[in-house]
Amino acid sequence: MSQLPLHLVILGASGDLTARKLVPSLFRLWVKKRLPDQLKVVGVSRTALGIEGFRARMADAVKQFAAKEWSENAWNEFAQRIFYAQGDAAADGGLENLKAFLAQSEGPSGIGNRLFYFSVMPELYAPILARLDAAGLTTGAPVSGESPWRRIVIEKPFGKDLESARILNKAISHYLREDQIYRIDHYLAKETVQNVMVFRFANTLFEPLWNHNYIDHVQITVAESVTVGNRGDYYDRAGVLRDMFQNHLLQILAVTAMEAPARYTADLLRNEKVKALDAVTVFDDAKARKYLATGQYRGYSGEKGVVNGSRTPTYAALRLQIDNWRWRGVPFYLRSGKGLKSRASEILIQFRCPPHLMFPLPQGTELQCNRLAICIQPQEGIHLNFQTKVPDQEKMVLDPVDMEFSYKKAFSGLSIPESYERLLLDALLGDASLFMRSDEIERSWAVMDPFIRASENPELAMPETYEVGSVGPTSADNLIKESGHEWIGLYADRTS
Ligand code: BG6
């Protein structure tokens, strides 16, 4: 790691993300002694705070959001690395304070590495980048990977459809090379999502079965119990398809469906994900309508910031297909929603049934064929469900049981870190494996656009209302039933 001065500049430092995620994650990394020694964090925003004001605000945030790691002493040391340069990064002359700070901090050589974190509204990404470029703050990076480097981290949403994402990619690429751009999808940074790759590619057992010969279908669920809260204004323009599917659910699908990269490097990994996404059929509008069910929780249109009578879906279920050798004929069902019964994310692999069953089953019952549940959160783990003989019965009786791996039990003493810890550290270290490349983002929009058009078509029915705390709209059940399947209850619900 280079010993040059290193600055993490947070643009939009007075916002919620900085207080809730970024600075608490940096603090945790610092407590774990994982941050480069020379790192300085510089907050930039319009609010008149001053260094001490910003530090005090961040101290409150860390006390609240990294409560477990908080200690006055640790904070006092860490706070010495935090600075503030007031300014409107999108306005004329708004970066003067930052420029002066960096000039002073990087010393007479003026050479240092810089990571700019865009924690601002998406419409400001391109204008702020133009200002940074004009101020010479993002220029001066010689060749990929070499010091001094300049990188930017961009939050989602990245565009609102394929066209806008293309325009944004083009605007950004005017100033920076692809290897300098780190687009966030925090789902990829979840330990359990990365573990899908380890599970598949560091074990011999499952990969030979991981295809259409043995897998009947796949269900991917990301259920949230929270409602839109105070994000109504953003959410009503996004809806669940943009907010969750285009990014998080398709990323989960990609790591579930992709081929094994030759090595675990950013580009090889992303090449494989893009290939998997490329094989997902982009449906025409009629097919997308057929394969989509939407819902809206009761009371949504009364939420702050939501347009009265809004047709924005807060729940969606859809069916996708992957047209390649491995997955031909295996439906992928995806569902996600807010205001649901529980918070649980899960990948469910339903294997095919054995070709012949020699054991008699009680009348009217069916064999529950092998299932693999990869629980992403909150009960992180993996469960393999298989048939066993129930002991000491008059006749042969079969019953499905679980072979269980639980993160908490297997790694007691280690906790699952916040995704932003991984992402911030990787961006500082220059590992883009868990960040989105432009082609991935664009392909994901291409897949989702027909569904989004269907959900926004005013001539089609409104999303079905479902109760807060329920399992979602019945149209989602009908969607999967029409294909001869049914939703398999979430592991979190089955065991609670
Ligand atoms: C965000 C969405 O990307 O992910 C939110 O904008 C959603 O609407 C959140 O609540 C879910 O993330 P997690 O990590 O809590 O599952």
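## Close-up views of the predicted model

**Figure 1. Surroundings of Leu-320 in the predicted model.** When residues up to four places away in sequence are left aside, Leu-320 touches Leu-250, Leu-253, Val-280, Phe-283, Val-330, Pro-331, Phe-332, Leu-334, Val-447 and Phe-451. Leu-320 belongs to the largest nonpolar core, a set of 150 residues. Within that core, Leu-320 and Trp-75 are the residues that touch the most other members. The element that gives the most to this core is helix H8, spanning residues 232-257, with twelve residues.

**Figure 2. A second, separate nonpolar core.** Five residues form this core, and they include Leu-348, Cys-375, Ile-488 and Tyr-491.

**Figure 3. The largest cavity and its lining.** Two cavities of 30 Å³ or more are found when the whole structure is searched. The largest cavity holds about 110 Å³ of space. Its lining is made up of 15 residues, and those closest to the centre are Ile-184, Gln-246, Asn-247, Met-436 and Ile-441. At least two lining residues come from each of strand S6 (181-184), H8 and helix H13 (438-456). H13 gives the most to this lining, with four residues. By class, the lining of the largest cavity contains six nonpolar, four polar and five charged residues.

**Figure 4. The second largest cavity and its lining.** The volume of the second largest cavity is about 40 Å³. S11 gives the most to the lining of the second largest cavity, with three residues. The lining of this cavity divides into four nonpolar residues, three polar residues and one charged residue.

**Figure 5. The second largest pocket.** This pocket has a volume of about 390 Å³. Of the 15 residues in the lining of the second largest pocket, Gln-350, Cys-353, Glu-366, Leu-367 and Arg-371 lie nearest its centre. Strand S7 (215-223) and strand S11 (344-351) are the elements that give two or more residues to the lining of the second largest pocket. Strand S11 also contributes to the lining of the second largest cavity.

**Figure 6. The chain as the setting for the close-up views.** The secondary structure of the chain comprises 15 helices and 16 strands. The radius of gyration is 24 Å, close to the 23 Å given by the globule rule for 496 residues, so the chain is as compact as a globular protein of that length. Along the principal axes, the C-alpha atoms fill a box of roughly 85 × 55 × 40 Å. Of the 496 residues in the chain, 53% are buried. Contacts between residues at least 6 apart in sequence join residues at least 24 apart in 77% of cases.

Terms used. Residues are numbered from 1 along each chain as its sequence is written. This is a predicted model: local features need pLDDT of at least 70, side-chain atom pairs count only at pLDDT 80 or more; totals for chains, interfaces and linings use all residues. Side-chain values use heavy atoms; hydrogens and water are left out. On a 1 Å grid over the protein atoms alone, a cavity is a set of points where a 1.4 Å probe fits but cannot get out, and a pocket is an open set with protein on both sides within 12 Å along at least five of seven lines; lining residues have an atom within 4 Å of a point. Grid points are joined across faces, edges and corners, and a volume is the space filled by probe spheres set on the points. A nonpolar core is a set of buried Ala, Val, Leu, Ile, Met, Phe, Trp, Tyr and Cys residues joined through side-chain atoms within 4.5 Å. Buried means under 20% relative accessible area, exposed over 50%, partly exposed in between (1.4 Å probe, protein chains only). Contact means heavy atoms within 4.5 Å. Ala, Val, Leu, Ile, Met, Phe, Trp, Tyr, Cys and Pro count as nonpolar, Asp, Glu, Lys and Arg as charged, and the others, Gly among them, as polar. The radius of gyration is taken over C-alpha atoms; the globule rule is 2.2 Å times the number of residues to the power 0.38.
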